[in-house]
Amino acid sequence: MSGAPNPLRVAIIGAGPAAFYAADHILKQSSSAEVDMFDRLPTPFGLVRHGVAPDHQKIKSVVKGFAAVATSPRFRFYGNVEFGRDVDLDGLARHYHQVLFATGAQTDRRMNIPGEDLAGSYPATEFVAWYNGHPAYRDEAFDLQTPAAVVVGVGNVAIDVARMLSLEEHELAATDMARHAVAALARSQVRDVYVLGRRGPAQAAFTTPELKELSELSNVDLVIDPAEAALDALSAAELERANDPVLRRKVELIQSLATRPPAGRPRRLHLRFLVSPETLIDDGHGRVAAVCLARNELVGSETGSLSAKPTGATETIAAGIVFRSVGYRGVPLPGVPFDTRWGVVANVAGRVCSPETHELVPGLYTAGWIKRGPSGVIGTNKADAVETVHAMLADAEAGLTLDPAQPTAAAADEYVCRCCARPVSFADWQRLDALEVEAGARAGCPRVKFASVTTMLAALAGEGGPAGN
């Protein structure tokens, strides 16, 4: 790093896995680098805190490694500081040589069918954020006083949503689910959950462990139609070509579960294949009353992939609430080139560029879902972040950076404190974390989450804890 600025000052926007993996690699590879991380929430860790299912505590243990990154004297966390609201690109360019955007994919893709905007139709992302205690969704109201719910999509998020709708109160209360969500789900009248996949078992995106969890729920019958679990000729050939033992085991498990007789449990989770919602039906008062489904068959394409084609047959499922989980999209950031087609920051291997000309924008970078789109698991972000950091350090060595007028930690801190009424440091977060864990110990769960920014800031001022927020 002999040709790089000393110190090399880097701002990272976002505090999820991609952001922390990038910070870790920067600090390890450059002994002169200083990293300041910004997040609009007072709490770090992004989707690990607000996206991972409450009953998947083992997955959340990754934050121990992220917290270790934050102990570096060359790292600072600025929570409760939003890019575009409190700080902007011009301001950051006065204090940093490089800016890395790792803001994730914050919104959902639409189904684009009639009735999608009826009351009772929601993005799964909002429901997940609500039950995980995201402050922006704390006051959302989901009407669960309906006998049946529909979840559109067969990825892991869809399976998580279906599982949360199916667990009993004591099972929910033992997790770190937000307490307001535990109370609401305890009053739920949902007894049938339908999970809809437009293609067949061989194309389902959920993982085998997620499926096994559904099959082991103590109060739920998992219902799979053997006819929908069977592979058509095209899928069988695709499975043979793939020669993927993990995929083969998943298909075999689906087919095995399809033969299992129901045990008469109080709730039923229906895992459907080869069906697509065509219309959400109005109850006459602007609410969802039912879902009209098209039954599909699989057809080949020129690229070799299999797509779903309606057969002309339809069916209707009565349901008062629908969650769509058909993909995520990134949200444009002020002043940052954005590829509207793919819903990502326009980039070449992590270097931000013009979406039209692909001309690189010196000093700007991206990592994670906002870089590549919503694919992979938490660990996938590590290699993704490393690729971007390699580009950053090579550019720094070549002198291809921003030209900040005040590249000092003190000047940056003064700028942030001038723009934001109450930045939250990592030490502040550690205080909040301890309060959550203490409240959880009293409640018999891993933690009781703060679910509003107001109560977090009040707690930091010594005015209470997370319970009741």
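Tutor: Asn-112 counts as exposed, at 64% relative accessibility (exposed means over 50% relative accessible area, buried under 20% and partly exposed in between, using a 1.4 Å probe and protein chains only). Please keep in mind that this is a predicted model, in which local features need pLDDT of at least 70 and side-chain atom pairs count only at pLDDT 80 or more, while totals for chains, interfaces and linings use all residues. Residues are numbered from 1 along each chain as its sequence is written, and side-chain values use heavy atoms, with hydrogens and water left out.

Asn-112 sits in the loop between strand E5 (107-108) and strand E6 (121-123); helices (H or I, at least four residues) and strands (E, at least two) are DSSP runs numbered from the N terminus. Its phi is near 60°, a positive value in a residue other than glycine. Most residues other than glycine have a negative phi, and most peptide bonds are trans. Asn-243 also has a positive phi, near 50°, and is exposed with a relative accessible area of 64%. Its place is the loop between helix H12 (233-242) and helix H13 (245-258). In the segment before E1 we find Pro-7, and the peptide bond from Asn-6 to Pro-7 is cis, with omega near 0°.

One more loop is worth a visit, the one between strand E11 (275-282) and strand E12 (288-300), where Gly-286 is found. Gly-286 is partly exposed, with a relative accessible area of 29%. Leaving aside neighbours within four places in sequence, Gly-286 is in contact (heavy atoms within 4.5 Å) with Leu-118 and Ala-119.

Now for the rings. The whole structure holds 20 aromatic pairs; rings of Phe, Tyr and Trp (its six-membered ring) pair if their centres lie within 6.5 Å, and planes under 30 degrees apart count as stacked, over 60 as edge-to-face and the rest as tilted. Phe-20 and Phe-45 have ring centres 5.5 Å apart and planes at 45°, so this pair is tilted. Because Phe-20 lies in helix H1 (residues 17-29) and Phe-45 in the loop between strand E2 (34-38) and helix H2 (47-50), the pair ties together parts that are 25 residues apart in sequence. Phe-20 is buried at 0% relative accessibility, and Phe-45 is buried at 6%. Phe-45 also pairs edge-to-face with Phe-426, at 6.4 Å centre to centre and 75° between the planes. That link joins distant parts of the chain, since Phe-426 is in helix H17 (residues 426-443), 381 residues apart from Phe-45. Ring pairs link these residues into a cluster whose members include Tyr-21, Phe-66, Phe-75, Phe-77 and Trp-429.

Finally, the sheet. Seven strands form an open sheet with mixed pairing, in the order E3-E2-E1-E4-E20-E19-E18; two strands pair if DSSP finds at least two bridges between them. Strands E3 (75-78) and E18 (347-348) stand at the edges with a single partner strand each, so one side of each is left without a neighbour in the sheet. Strand E1 (residues 9-13) and E2 pair in the parallel sense over five bridges, and Ile-13 has Phe-38 in E2 as its bridge partner.
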